[in-house]
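Please keep the sequence and the 3D view at hand while reading.

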Amino acid sequence: MNPRSNEDLFELAPVVPVVVLSDAEDAVPLARALVAGGLPAVEVTLRTDAALEAVERIAAEVPEAAV
């Protein structure tokens, strides 16, 4: 999913979950669960060493999510 603007992004879901992931292995299952629950927009904070890998994994493996 590739929203073109902030308005597009906010139309996807009523809220945007903000997640902190310390293990990139958790990224894809969490993103899939959020999408299944109707929350396809996910913000991953860059507070941990695993954050960038988590973003990459979600983008590659959960195309229906906007990360």
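## Overall size and build

The radius of gyration of the protein is 11 Å, and because a compact globule with 67 residues would have a value near 11 Å, the two agree. This is a predicted model, and what follows should be read with that in mind. Taken along the principal axes, the box filled by the C-alpha atoms comes to roughly 30 × 20 × 20 Å.

The protein contains three helices and two strands, and, read from the N terminus on, its elements follow the order α-β-α-β-α. When contacts between residues at least 6 apart in sequence are considered, 73% of them join residues that are at least 24 apart.

## Surface and charge

Of the 67 residues, 33% count as buried.

## A network of salt bridges

How many salt bridges are there in the model? The count comes to two salt bridges, and through them Glu25, Glu53 and Arg57 are linked in a network.

In one of these pairs, the side chain of Arg57 meets that of Glu25, with a distance of 3.0 Å from N to O. This pair links distant parts of the chain, since Arg57 belongs to helix H3 (residues 51-61) while Glu25 sits in the loop between strand E1 (18-19) and helix H2 (27-36), 32 residues apart. Arg57 also forms a salt bridge with Glu53, where the closest N and O atoms are 2.7 Å apart. Here both partners lie in helix H3, four residues apart, which is about one turn of the helix.

Glu43 is a residue of strand E2, and at a relative accessibility of 41% it counts as partly exposed. Apart from its neighbours within four places in sequence, Glu43 is in contact with Val16, Pro17, Val18 and Val19. The C-alpha atoms of Glu43 and Val67 are separated by 5.8 Å, although these residues are 24 residues apart along the chain.

Thr45 is found in the loop between strand E2 (43-44) and H3. With a relative accessible area of 9%, Thr45 lies under the 20% cut-off, and therefore it is buried. If its neighbours within four places in sequence are left aside, Thr45 is in contact with Val18, Val19, Val20 and Ala51.

Where does Glu11 lie, and is it buried or exposed? Glu11 is part of helix H1 (residues 6-12), and it counts as exposed because its relative accessibility, 67%, is over 50%. Between the C-alpha atoms of Glu11 and Ala41, which are 30 residues apart along the chain, the separation is 9.6 Å.

Note on methods: Residues numbered from 1 in each chain as written. Predicted model: local features only at pLDDT ≥ 70, side-chain atom pairs only at ≥ 80, totals over all residues. Heavy atoms only, no water. Salt bridge = Lys/Arg side-chain N within 4 Å of Asp/Glu carboxyl O. Rg over C-alpha atoms; globule rule 2.2 N^0.38 Å. Buried < 20%, exposed > 50% of the residue type's maximum accessible area, 1.4 Å probe, protein only. Contact = heavy atoms within 4.5 Å.
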